Structure formats: C-alpha cells, structure tokens
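Student: I have a protein model open and would like to learn how to read it. Could you take me through its features one at a time?

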Amino acid sequence: MTSHPSLSPESISLAVDSLRPKLTAFLQELVRSPSLPNREGPVQAIIGAKLGSLGLEVETLTTRFDELAGHPAFDDDGFSLDSRVNVVARWPGCGGASGRGSLLLNGHVDVVSPGDPALWHDDPWSGVLRDGRIFGRGSCDMKAGVTAGIFAIEALQRLGFCPARDLLLSSVIGEESGGVGALTTIVHGVRADAVVVLEPTGGAICPVQAGALTFRLTVQGRAAHGAMKCEGVSAIAKFLPLFQAIEELDLRRHHDYTNPIYPNPANIAPISIGTVRGGEWHSIVPEVVVVEGRCGVFPGESPAEVRALLAATIDEAAATDPWLVEHPPRLEWFEGQFESCATPVDHPLIAALSAAHRNVHGREPAIEGVPYGADLRLFVNHAGMPGVLYGPGDVRLAHAANESVGVEEVVDAVKVVAGLVVSWCGK
C-alpha cells in the first residue's frame, strides 16, 4: 500500500469508522426493500441514487432475455423478460504510473423468499438493529456486501483518493436463480482486470467455487384407494431407492475427490434434495412424486459430465425395478445451472487482498473454496476476469429464518475493500 499518510490503513480505518452511522442506516434501508425476483427495481433505485451522489458514472442495464438467449451461460429463470435492471457505476481512473489495473466490485440484490413469517423473531423485512446485528432477509446475502463496496468508495473519496485505474461497482439481479443480471453486464461489455464478488465469506478469500445444477425428477406410480393398496403403485415407494442411489452417489463422489483448498472434504459439491411433492389425499396411493434439488459440480468438472452421471445413476437404480423399467423416471434440468470456476491461488489479486485483510485484522485470511454456486463463475469463465469471493457475513445464516449480519463485520469489510482498492487500482 502507498505510504501517503492520508491513505494509510489507520487513516482508512478512521474514515470508515466515521461513516458507521450512515453505513448502518443504508444497509437497513436496503433490507427494508423486499427485492424478491421481479421486485428488485426499488432497491436498485436506492443504490443508483447513492452511487450517483458520490459523483460516479452510473448506468442502468436492463436484463433482456432476447439479448442473452444465445449465450452459453444463459439460464432462463422464468421471471420477467425485460423489466429487471442492473446498476453499474464507474469511478474513472485518474491515470498515473502506478496501479496494477482496474477492479470490479460486484454484488447481487435479489433475495430468496423469507418463508414462514412465524419462524422469524421480527418481520423479515424489518432491518432491525439489535445487539450489533442487522436482521432481515438479504441482510447477509448479500446486501451487506453491496453496502461494503459502496462505502469503501465513499471512505476513499473522503480521503481525497483517486484511483489510477478504473474502479467499477455492479449491483445485479437474478443471482439466486442463475445469474442473468451478472451475465447482462458481461454481454454489455463491463470488464475489469479483476473482480471481487462481495458474497458472505466470513472474511475468507475464496478463489474457487463449486458449481450447482438444479434438477427435477418425476416418478410415476399408479393411483388406487388406500384401502386397496395392493391395486396401486406408490410413487413415493418407487422414489425411495432412487433417493438412496443419489445419496450413495454423493458419498462416493466426495470419497473419490480431494481438493486441499476446501475445509470440509465431505462438503465440496453436494447433491441435495430440496423439495418432495407427492400424493393428492391421505387415502389414495400416490400416483406421482416430483422431486427438485441441486447437483453439485466439482471444480474442474463440466456440467455435462455431472448431468450424465446423475442420469446414469437414476437409470441404473430404476433398472432393478420392473415398474420403473416400464415407467422410467423423468429427469429435467431447469433454472440455475452454475458452473464451477477457479482463480489460481498465486494470482496477484489474492496477495493484494490478503495484505489488505492483514492490515485490518492483524492476521492472514483463510484461503478456501466454497461449495455453492455464485456469479463469480460468469466473470471468470465467460469474461476472462480473475476473481474471488470475499465479503462480510456468515453464509450459514443466508436463506435461513432470522438472517442477520454483524455491523462490525460490514465495517471491517469496508476497510479491507478500501485498502485493496488503494493497493490494486493505485494512485
């Protein structure tokens, strides 16, 4: 990092601390805007206005499926075709001899459903601040990360910093359902020399992500009165050996795969059943079961390989049952189809981010892979941008009731990101 006194880690820390009340209020405002799919417009307006108030060049890019449909990474997530907007802000570089390159800070504002409100201590959209934590759907995943990126820019502006190379920030939609927002920015030519996706990693630097492929499995039975069970064929019963085969495949795959960057070797690219729907009435033998889940993709695997493997596993299990031979299960792939991706651990971005983390926390960050899919793979695989996941929050709280993030975590992330911008984009 530069030795200029106004850009020392201590000065950055003081500048960020002075913004704590504004940062907290802004994150609460974002959480209070329920940005479910197709409803991201209001929160994007808040973010666009904030970025504009910082004097940045702000552009909105509408996600249009007709512009994306021919792209190999496009996933039709089933939501609106042309009414969802992404915000891209640019802090133009001032030039100069220093600065390794341009940088993109990325985050998504779409959130998953809060589920049953009775499971929440507060309204899921309350944004309430309690015991140093902000609660609400999207607080952790990942409006905290978006906030961290924005306030890193504001803190550096207060210190009179101007990057030698462009700094960009993109706030996108559609991450949870396949990444159409990030893909929109890529198709429109948004590029930088590196990207940090501000997902909740708990301060770990994550240059490797597994992939995840959403699937639907339909198993056919034959309906009958429950009192005449022997006349029917239970689709639930026929699904059970298929479920067992899928579970065994998951265990076998993890047993046969090793990757030292992952902290838990048994949870790198899991196969998980998320929903099971079957039966029409308690006294009817169920005629059909529809199962939906996600099938993990190990780093280095192609989605096509994994699809073929799951299909073969289901076919082999079905081949042992005469009914399923005559009525084969139907496997479909839909919505999110996340590839895996990796940035080399010796990439200069990781060294620069590690130094910025060390300046704030006084220790080396963990370097880990993550078992979930994210927009990172779009930037790495389809835009040629090396990058990492790094941001505030605990991903184990994401998608859960009473989701929350610690304000101190967000403040620390702002300091780290600001330090990275100084060392990477230069002055």
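Student: Let me start with a cysteine: is Cys 140 buried or exposed?

Tutor: Cys 140 is buried, with a relative accessible area of 0%. Buried means under 20% relative accessible area, exposed means over 50%, and partly exposed lies in between (1.4 Å probe, protein chains only). Before we go on, please keep in mind that this is a predicted model, in which local features need pLDDT of at least 70, side-chain atom pairs count only at pLDDT 80 or more, and totals for chains, interfaces and linings use all residues. Residues are numbered from 1 along each chain as its sequence is written, and side-chain values use heavy atoms, with hydrogens and water left out.

Student: Thanks! How many disulfides does the structure hold?

Tutor: A disulfide is a covalent bond between the sulfur atoms of two cysteines. Here the criterion is a pair of cysteine sulfur atoms within 2.5 Å. The structure holds 1 disulfide, and it joins Cys 94 to Cys 162, with an S to S distance of 1.3 Å. The torsion about this S-S bond is about 55°, so the disulfide is right-handed.

Student: Where do Cys 94 and Cys 162 lie?

Tutor: Cys 94 sits in the loop between β2 (84–91) and β3 (103–108), and Cys 162 in the loop between α5 and β6 (167–172), so the pair ties together parts that are 68 residues apart in sequence. Helices (H or I, at least four residues) and strands (E, at least two) are DSSP runs, numbered from the N terminus. Both cysteines are partly exposed: Cys 94 has a relative accessible area of 48%, and Cys 162 has 21%.

Student: Now the backbone. Which peptide bond is cis?

Tutor: Most residues other than glycine have a negative phi, and most peptide bonds are trans. In this model the bond from Asp 141 to Met 142 is cis, with omega near -10°. Met 142 belongs to helix α5 (residues 139–158).

Student: And what is the phi of Asn 38?

Tutor: Phi of Asn 38 is near 75°, a positive value in a residue other than glycine. Asn 38 is in the loop between α2 (20–31) and α3 (41–53), and it is partly exposed, with a relative accessible area of 40%. Asn 402 also has a positive phi, of about 60°. Asn 402 is found in the loop between β15 (387–389) and β16 (404–406) and is buried, at 18% relative accessible area.

Student: How do I read a sheet? What is the strand order in the one with β4?

Tutor: Strands of a sheet pair through backbone hydrogen bonds, either parallel or antiparallel. The order in this open sheet of 3 strands is β4-β5-β16, with antiparallel pairing; two strands pair if DSSP finds at least two bridges between them. At the edges stand β4 (129–130) and β16, each with a single partner strand, so one side of each is left without a neighbour in the sheet. Two bridges join β4 to β5 (residues 133–135), and Leu 129 has Ile 134 in β5 as its bridge partner.

Student: Which residues touch the most other members of the largest nonpolar core?

Tutor: In soluble globular proteins, nonpolar side chains tend to be buried together. A nonpolar core is a set of buried Ala, Val, Leu, Ile, Met, Phe, Trp, Tyr and Cys residues joined through side-chain atoms within 4.5 Å. Leu 103, Ile 150, Val 196 and Leu 420 touch the most other members of the largest core, which has 93 residues. Helix α12 (residues 407–425) gives this core its largest share, 13 residues. A second, separate core of 23 residues includes Val 219, Val 233, Leu 310 and Ile 314.

Student: Finally, how many helices and strands are there?

Tutor: The chain has 12 helices and 16 strands. Of its 427 residues, 55% count as buried.
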